[in-house]
Amino acid sequence: MRTEHFGPHHPTTLLSMNNLGTLAMSQGDLKLAEKLLKECYSHREQKLGRGHRNTIGTAFMLVVIKFLQNKRTDAEKQYLNVLDAASKDLPADHPLIKAMKSVHRIESMGCRLFGKHWASLSRNIEKFLRIVGLFQRISKGQS
């Protein structure tokens with residue numbers, strides 16, 4: 001990674017770490033993804049603050065990982081914390097907040113429709129991963 005050249009708190013290092021974590025998640029390596037994204041979140045929180053859009057974006061990816069690990073209670077708690085932080089520092093119509101609410105609605109609807117089978121079904125739903133990709137583009141300021 002770019003840690004040796006730029007240092008652990010440099011924006012380029014953190015972007016690379018976030019991207020590697022997301023890649024690991026999309027390939028199903030949730031343990032590695034969680035490790036990378038937790039480290040990225042910690043550095044971003046120190047460097048940028050809890051309410052920065054990049055910090056919030058990484059925190060939300062950790063929520064997605066909890067969901068994919070079938071840890072719904074943890075995911076829901078983390079989601080509410082992330083949404084609270086985002087709502088304090090970003091306007092209500094910010095694309096990042098809209099994306100988080102959209103993904104949460106899809107997850108909630110899936111749980112209601114499929115009950116206990118939703119967790120296993122969701123791992124195979126390509127649309128969910130496309131939404132995660134959309135979320136990342138939005139959090140980076142792209143559409």
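**Figure 1. Burial and overall make-up of the protein chain.** Of the 143 residues that form the protein chain in this predicted model, 44% count as buried. The secondary structure of the chain comes to 8 helices and 0 strands, and, read from the N terminus on, its elements run α-α-α-α-α-α-α-α. Among the contacts in the chain whose partners have a separation of 6 or more, 54% are accounted for by residues 24 or more positions apart.

**Figure 2. The packing of α3 against α4.** The axes of α3 and α4 come within 9 Å and cross at roughly 155°, and because angles over 145 degrees count as roughly antiparallel, α3 is roughly antiparallel to α4. In this arrangement α3 passes α4 in a left-handed crossing. On the side of α3, the residues that take part are Leu-30, Ala-33, Glu-34, Leu-37, Lys-38, Cys-40, Tyr-41, Arg-44, Glu-45 and Leu-48, and they meet Asn-54, Thr-55, Thr-58, Ala-59, Met-61, Leu-62, Ile-65, Lys-66 and Leu-68 in α4. Sorted by class, the contact of α3 with α4 has 11 nonpolar, 3 polar and 5 charged residues.

**Figure 3. A close-up of Glu-34 in the contact of α3 with α4.** Glu-34 is found in helix α3, where it is one of the residues that meet α4. Is this residue buried or exposed? Glu-34 has a relative accessibility of 13% and therefore counts as buried, since the cut-off for a buried residue is under 20%. Leaving aside the neighbours within four places in sequence, Glu-34 is in contact with Leu-62, Ile-65, Lys-66 and Gln-69.

**Figure 4. The packing of α2 against α4.** The helices α2 and α4 pack at an angle of about 20°, with their axes 11 Å apart, and because an angle under 35 degrees counts as roughly parallel, the two helices α2 and α4 are described as roughly parallel to each other. The crossing of α2 and α4 is left-handed. The contact is made by Asn-18, Thr-22 and Met-25 of α2 together with Thr-58, Met-61, Val-64, Ile-65 and Leu-68 of α4. By class, this contact of α2 with α4 has 5 nonpolar, 3 polar and no charged residues.

**Figure 5. A close-up of Leu-23 and Ala-33.** Leu-23 is found in helix α2, and with a relative accessibility of 42% this residue counts as partly exposed. Leu-23 and Ala-33 are 10 residues apart in sequence, and in space they are 7.6 Å apart, taken from C-alpha to C-alpha. Ala-33 is also one of the residues in α3 that meet α4.

**Figure 6. The packing of α4 against α5.** The helices α4 and α5 pack at an angle of about 165°, with their axes 8 Å apart, and they are therefore roughly antiparallel to each other. Here α4 passes α5 in a left-handed crossing. From α4, the residues Ile-56, Ala-59, Phe-60, Leu-62, Val-63, Lys-66 and Phe-67 meet Asp-74, Ala-75, Gln-78, Tyr-79, Val-82, Ala-85 and Ala-86 in α5. The residues of the contact of α4 with α5 divide into 11 nonpolar, 1 polar and 2 charged.

**Figure 7. A close-up of Val-82 and its surroundings.** Val-82 is found in helix α5 and is buried, with a relative accessible area of 8%. Which residues does Val-82 touch, not counting residues up to four places away in sequence? With those set aside, Val-82 touches Ile-56, Ala-59, Phe-60, Val-63 and Met-100.

Conventions. Residues numbered from 1 in each chain as written. Predicted model: local features only at pLDDT ≥ 70, side-chain atom pairs only at ≥ 80, totals over all residues. Heavy atoms only, no water. Axes fitted to C-alpha atoms, helices over the stretch in contact; angles between N-to-C directions. Helix = DSSP H or I, 4+ residues; strand = E, 2+ residues; numbered from the N terminus. Parallel < 35°, antiparallel > 145°, perpendicular 65-115°, else oblique. Left-handed = near helix turned anticlockwise from the far one by under 90°. Contact = heavy atoms within 4.5 Å. Nonpolar A, V, L, I, M, F, W, Y, C, P; charged D, E, K, R; others polar. Buried < 20%, exposed > 50% of the residue type's maximum accessible area, 1.4 Å probe, protein only.
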